[in-house]
Each structure stands twice: as C-alpha cells, then as structure tokens.
Amino acid sequence: MQNKQWLINGNPRGRALALTDFLEAQAALQTLRPNEARVQVEMLAFDPAMKGQLENVSGYASGNDVGNLMPGRGLGEVVESNDASLPVGSKVIGRLGWQEYATVTTQDVEVVPDDDLLSARLGPLGVTGLTAYFGLLRVGKPEPGDTLLVSGAAGAVGSVTGQLGKIMGCRTVGIAGGQAKCDWLVDEVGYDAAIDYKNDSVKARLKELAPQGINVFFDNVGGVALNDALGRIARHARVVICGGISRYEQETLPPGPTNYFNIVFRQATMEGFLLSGYEREHQQAIERLTDWIRGGQIKYKEDVQQGFENIPSTLLRLFSGKNFGKQLLRL
Ligand SMILES: NC(=O)c1ccc[n+]([C@@H]2O[C@H](COP(=O)([O-])OP(=O)(O)OC[C@H]3O[C@@H](n4cnc5c(N)ncnc54)[C@H](OP(=O)(O)O)[C@@H]3O)[C@@H](O)[C@H]2O)c1
C-alpha cells in the first residue's frame, strides 16, 4: 500500500513561505516491526512556529532538511499494531507528520480519549492552551485589576490568553486584524475591548482604553504592535514575548522598538519564553484548562480546512490572517 506524504522542498528563511517549499510524494508502507503501530492521520494542527522549524534556526530547531517528511502534530487512529499499549481503534495525538499514515512507537504519541474534546487537544488543550497558560500565568503574572493587552488576540493562543486574563480578574484588551475578529473577541470571547490594527490607530485607541497604562502585554506579533504597547506600559509592567509573527517573513529585520527605554522609566520587565521550558507542569495545566473549558470559562474556535492536497496552503493561511480560530485540517 502507498502512503501519500508532503516532503520539505525549501528553506524559507528571510522570505515568505511558498507552496513550492513542499513537495508531494508517495512511499510504500513497510511491514511493522515489533513495538510499532500504524496510525491513520485524521487531523493536522498548524502553528506559525512551523516556519521557524523549517528554517532550522540554531538552538531552536534542526533536522528539517530538504527531502525529509514535513513534521507536524496531529491526531489519528491506530489501524494496525504490534504494541498492546497502542491498541487498534485507539485515538492518538503526537508528531505524526504531513502524511496519510504514520508509523509510530509509544514515544511518539499519546493515547487520548475519543470524546467531545478530541480536537481540542490539538488547540486549547494542547500546545496552544499551554502556551497561553504558562506565558500569561508564569511570565505575565497577572494580578486582579491589571490591564492585560494581547496582540494576535483573535488567534489560537491569543483568544485563550484573554480568557485566562479574565479568569485572573484582569481588564482585557485585544489587538486583531479586521472588524469580524474584533467583534468576535468582544461578543463571544469576552474581551473588554478590541482594537482593529488594520483600520484603527493602535496608539490612539490604547490611550483611550488603557488610561492608567498596560500592566501585562502578551505579545504574539512584535514590530509596530510591540512598540505601540511599550509606549503605554505602566510601572512594573510585564511584557511577555510569546511570538513575533510580523517578523517571521521579513528579509531584513527592522531596528528594535524605539520605545524600549520605557522598560527603564517604568521599571518594567520584558521576557521571552518557550513552552518546552514547562514540560513537567503540563499535566496539571491541562487539568485546569479542561475544567475551565467544561465550565464554559474558556471558549474556542476551530478553523478546519479539508483534504490532503490542501495541507501546505493551510499553513500559509496563518501568515495572511485568513485563519479564524485554531488552524486545523481534516484529511
Ligand atoms: N513561545 C512559545 O513557546 C510559543 C508556542 C506556540 C506559539 N507561539 C507563538 O504564538 C503566536 C500565535 O500562534 P497561534 O498558533 O495562536 O497562531 P494564530 O494567532 O492562530 O495565527 C496567526 C495570526 O497572526 C496574525 N498575523 C499574521 N501575520 C501578521 C502580521 N504581519 N502582523 C500582525 N499579525 C499577523 C493573524 O491574525 P490577524 O488576522 O489578527 O492579523 C493570524 O491569524 C505565534 O507568534 C507563535 O509563534 C509561541
């Protein structure tokens, strides 16, 4: 039997991702070895960091060379197994890659319940939710009454971050692109206010919406958003650098934010973090996030594209803001 795959075909460092960075291929499925199982991939999850992984940035990602299978997290069903802990019919989540069938061992995947939160484990109960949780709670250290500003607020991480901020008693302001995303943030997600960076002056709106200054800024975007927020930080503010999607496709990086010296004037901190630093605490965080989702305090939206052939174009959606919610694809 043949296995359709997408292979890496280019390194997009210093430029936008292109469909030609991926090449469709077929490989014959091999007989399983002892302790291996075959998973039929049902759904893939997409994250802007996948571009960084393709770039093999030193100290961050490696081994993603041209000709290799494109890596990616997904969920699927075990269809053949030589390992009793991965029984046929069970649902698994892990690094399955951009392919129809993944050959795995127990180290590659986690068996998960086949319940109503199955796909949420690729979003708010997976990397997305955990990133929001540790970035906000551990690095941002929100206090009740704080004003929390989130950029990329309508995205997968940003929408969970705002809701965690509300749970912690903050006033929340989100920055997102377009009226539809801003309306969703206020009407459905529960942000107190939203700024449409594509049509509003972020600087002027921040003056209005954060008259006492921003206590916590959770930044997914960098660039102008970061500079505008730094211009309005409060005393002892915490600036959390989660991501910087505005810089991911630039050939030449712009100079640093001109407002950075407010970090000194306001005795603030600016700290980056990687989710991989908190692995030992993941289980406890997932239990808390599950309770909040089940209790209706955290809502989430999924943007589910369809079809093996659309896998590369689905990744590209993240960089033009086409995704509305956690970007997923059903094979
Ligand atoms: N530190 C960590 O460990 C860690 C882990 C996971 C993710 N992250 C980071 O978290 C951030 C959010 O990831 P996600 O998975 O939740 O993606 P996402 O926010 O669901 O999708 C990306 C969003 O970024 C916005 N965007 C794209 N290009 C932009 C630009 N040039 N300027 C401003 N906004 C732009 C778009 O929203 P609009 O339509 O609103 O523009 C788009 O929908 C990313 O930066 C990612 O790298 C960090």
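This is a predicted model: local features need pLDDT of at least 70, side-chain atom pairs count only at pLDDT 80 or more; totals for chains, interfaces and linings use all residues.
Residues are numbered from 1 along each chain as its sequence is written. Local features need pLDDT of at least 70 and side-chain atom pairs count only at pLDDT 80 or more, while totals for chains, interfaces and linings use all residues.

The chain is assigned domain 1 (2-122 + 301-330) and domain 2 (127-276), with bounds from an automatic or database domain assignment. Their centres, taken over C-alpha atoms, are separated by 29 Å. Contact (C-beta atoms, placed from the backbone, within 7 Å) joins 12 residues of domain 1 to 10 residues of domain 2.

Both domains contribute at least three residues each to the shell around the ligand. This shell has 28 residues, the closest being Gly155, Ala156, Gly177, Gly243 and Gly321; a residue is near if its C-beta atom, placed from the backbone, lies within 6 Å of the molecule. Helix 2 and helix 3 each supply at least two residues of the shell. Helices are DSSP runs of H or I, at least four residues, numbered from the N terminus.

The axes of helix 2 (residues 127-140) and helix 3 (residues 156-167) come within 8 Å and cross at roughly 45 degrees. Axes are lines fitted to C-alpha atoms over the stretch in contact, and angles run from 0 to 180 degrees between N-to-C directions. The contact includes Thr128, Tyr133 and Leu137 of helix 2 and Ala156, Val160 and Leu164 of helix 3. Ala156 is also among the closest residues to the ligand.

Technical notes: Two residues are in contact if their C-beta atoms, placed from the backbone, lie within 7 Å.
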